[in-house]
Amino acid sequence: MEFFFQQLTNGLAVGGIYALIALGYTMVYGVLKLINFAHGDLFMIGAYLGLTLLTALGLADHLSPFGVIALLAVMVLALVAILGVVLERVAYRPLRQAHRLSAVVSALGASIFFQNIVMLIYGAKFHVYPHDLMPRTVVHIFGMPVPLIRILILLASVVMMVGLYTFIQRTKVGTAIRAAAIDQGAARLMGINVDRVIALVFVIGPALGGVAGLMVGIYYGQINFTMGWIYGLKAFTAAILGGIGNIPGAMVGGLLLGLIEAFAAAYLSIAWKDAFAFCVLILILIVRPTGLLGERVAEKV
Amino acid sequence: MGKRFITSVAVVFALLLCGQPVVAADTVRVGLMAPLTGAWASEGQDMKQIVELLAEELNNQGGLLGKQIEIIAEDDGGDPKTASLAAQRLANSDVVAVIGTYGSSITEASQAIYDEAKILQVANGSTAIRLSEKGLKYFLRTCPRDDEQGKVAAKTLMDMGFKKIAILHDNTSYAKGLADEAKGLLEKEPVEIVFYDALTPGERDYNTILTKIKAAGPDVVLFTGYYPEAGLLMRQKMEMGWNVPFLGGDATNNPDLVKIAGKQAAEGYYFLSPPVPQDLDSKAAKDFMSAFKQKYNAEPGSVWAVLAGDGFNVLAAAIKGSGSTDTEKMVAYLKTQLKDMPGLTGNISFDEKGDRVGDLYRVYRVDADGKFVLQP
């Protein structure tokens with residue numbers, strides 16, 4: 001029972017991060033029908049920016065651990081959002097009228113560009129967050145020990161997902177985003193500035209990815225310039241699993257993927273956990289081609 | 001103004017193009033195939049730094065056969081596909097020999113290309129057994145083979161008196177080869193192998209795997225993968241509050257292991273490795289260490305990059321000793337005449353297959369300061 005519970009928390013911790021990255025994929029896909037392959041690299045840049053700011057500003061000397069993390073999160077959020085807007089302006093907007101494949105190729109190009117620029121700036125070695133940044137508090141839930149930071153990561157993912165969902169569903173800007181997602185031409189006729197809506201989507205999506213990068217840096221410590229690839233791939237899978245374009249779907253898909261991986265590794269074979277996760281993905285797509293929650297096409301965002 | 005500028009640029013380029021072959025004829029060209037980008041880029045860049053430093057030193061002493069040495073570096077990206085392209089470019093660029101590379105599967109992708117072009121290849125980090133079992137005449141390596149390391153791993157675990165052993169690899173041909181070798185030998189001994197499986201390299205979270213190994217109840221874990229994963233395993237093991245000793249293979253011999261794990265988590269980690277130059281008191285090793293520090297203001301990263309330096313040294317010895325850059329003569333010299341040449345990692349000789357001869361492996365332990373301490 002303890003083994004099961006341990007693996008459950010392992011799976012949720014990994015899944016929470018997948019979910020957070022998947023939110024960014026889903027936002028961009030919902031509006032532009034574009035798979036932003038550079039998203040994983042924006043996530044990686046978030047991790048690097050967090051480390052640079054942390055060491056350059058010497059924050060840890062002045063603030064409590066949670067103050068440091070909150071401040072870092074805000075700064076990384078802002079910087080990666082700027083990068084996201086620039087990315088959209090340079091790599092995607094000129095191709096808006098072109099064939100969809102061109103934009104995908106441009107996204108792959110942007111991904112390679114980001115990876116190599118980070119390697120040139122920071123070097124190819126692994127970088128490491130300070131080890132004593134977070135207090136290693138352990139909480140007991142039903143008598144089982146769970147590291148506090150895992151609960152916080154999961155909580156942060158849920159809060160951001162709920163916040164984003166409310167923003168899209170309840171505000172005027174959110175309505176504009178939904179309108180642009182359904183039909184850009186019609187949205188323009190209704191007086192919506194579609195370019196601005198798309199720019200906003202590229203603020204929100206990359207910002208979430210950047211924060212996820214920061215969390216991975218703080219929790220696991222080790223970052224390198226290729227880390228965006230594997231996380232990007234998993235988060236992309238999670239977004240499809242939950243129904244790409246659907247915000248709660250990204251959350252469900254991320255957590256589900258984390259749990260499938262953890263339990264496949266625990267009860268089957270570790271080496272086969274990815275194969276098993278992708279088998280589940282294929283089975284779900286056979287039964288529900290739009291993913292678990294992806295049925296309501298009209299409200300896709 | 002604009003026109004004149006363009007003309008002068010064109011003239012400069014034309015001169016450069018004319019100049020190339022003339023320069024080439026006057027130098028001894030040595031190829032270096034290394035992972036300059038990709039996941040192993042830090043190893044590859046260290047390899048390049050070390051080989052370039054040694055070439056520079058030799059050039060200052062007058063070069064080889066009265067000619068200067070020119071290093072032609074190509075990036076293999078740590079990837080077999082990129083490596084075969086790099087090998088073809090090197091084979092077409094008039095090199096007398098090639099040093100490299102790091103990963104076994106990467107070297108494997110390039111071996112046939114060099115063999116066909118009759119180019120001598122000296123690999124530095126490729127320890128997979130089969131590389132030298134194919135009967136390729138022009139292939140040598142300065143690193144030991146996995147079966148050697150597998151024997152040392154099994155013996156070390158037995159000597160330490162462990163009874164229940166978990167083996168974890170990462171499905172790369174190197175790590176799996178080593179894990180299989182050690183497993184085969186340990187199965188003949190009175191010990192129990194309670195766990196045998198592979199993790200996926202490049203991930204961040206190995207808690208699932210550690211939880212599963214812990215449930216199998218081993219006395220010791222043998223991890224045969226690379227240092228980034230070893231560092232994370234040590235760190236997450238400490239966070240779980242689990243105190244089991246780890247013995248790693250030689251791919252975990254990298255100072256970044258301690259950086260990733262943190263000193264507290266890395267303390268007590270054992271690994272096998274050929275000795276690093278820091279631990280050798282031969283003159284060759286000491287001179288190299290001081291020259292490297294002076295030029296790059298750092299210590300060389302891992303032993304694998306240093307073995308590329310030894311690859312360069314044996315090539316220089318072969319050209320000097322055989323008095324030619326003919327592949328057949330150099331190979332014949334290295335396999336039959338070169339005996340106990342003092343290298344950066346100890347004395348070097350080769351056997352008929354092109355493998356390095358002599359026992360090289362030592363046991364290291366990470367101490368409380370994160371230093372790698374050679375165990376007696």
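**Labels and their criteria**

Tutor: Asp340(B) lies in the loop between helix 13 (327-337) and strand 11 (341-343) of chain B. The model is a predicted one, in which local features need pLDDT of at least 70, side-chain atom pairs count only at pLDDT 80 or more, and totals for chains, interfaces and linings use all residues. Residues are numbered from 1 along each chain as its sequence is written, while chains are lettered from A and ligands numbered from 1 in the order in which they are written.

Student: What defines the helices and strands named here?

Tutor: They are DSSP runs, helices being H or I of at least four residues and strands E of at least two, numbered from the N terminus.

Student: Why is Asp340(B) called exposed?

Tutor: A residue is exposed if 12 or fewer other C-beta atoms, placed from the backbone, lie within 10 Å of its own, buried if 20 or more do, and partly exposed in between. Asp340(B) has 11 other C-beta atoms within 10 Å, so it is exposed. Asn297(B), in the loop between helix 11 (283-296) and helix 12 (303-322) of chain B, has 7 C-beta neighbours inside 10 Å and therefore counts as exposed.

Student: What makes the phi of Asn297(B) worth noting?

Tutor: Phi of Asn297(B) is near 55 degrees, a positive value in a residue other than glycine. Asp340(B) also has a positive phi, of about 50 degrees, and is not a glycine. Most residues other than glycine have a negative phi, and most peptide bonds are trans. The peptide bond from Gly100(B) to Thr101(B) is cis, with omega near 15 degrees; Thr101(B) is found in the loop between strand 3 (97-99) and helix 4 (104-116) of chain B.

Student: Why is helix 9 of chain A called oblique to helix 10 of chain A?

Tutor: The axes of helix 9 (residues 227-242) and helix 10 of chain A come within 7 Å and cross at roughly 120 degrees. Axes are lines fitted to C-alpha atoms, for helices over the stretch in contact, and angles run from 0 to 180 degrees between N-to-C directions. Angles under 35 degrees count as roughly parallel, over 145 as roughly antiparallel, 65 to 115 as roughly perpendicular and the rest as oblique. That makes helix 9 of chain A oblique to helix 10 of chain A.

Student: Why do strand 2 and strand 5 of chain B count as edges?

Tutor: Two strands pair if DSSP finds at least two bridges between them. The open sheet of five strands in chain B has the order 2-1-3-4-5, with parallel pairing. Strand 2 (68-75) and strand 5 (139-141) of chain B each have a single partner strand, so one side of each lacks a neighbour in the sheet.

Student: How do you know that strand 1 and strand 3 of chain B pair?

Tutor: Three bridges join strand 1 (residues 27-34) and strand 3 of chain B in the parallel sense.

Student: Which strands stand at the edges of the seven-stranded sheet in chain B?

Tutor: That open sheet has the order 7-6-8-9-10-13-14 and mixed pairing. Strand 7 (192-198) and strand 14 (372-374) of chain B are at the edges, because each has a single partner strand. Within the sheet, strand 10 (residues 270-273) and strand 13 (residues 362-366) of chain B run antiparallel and are joined by four bridges.
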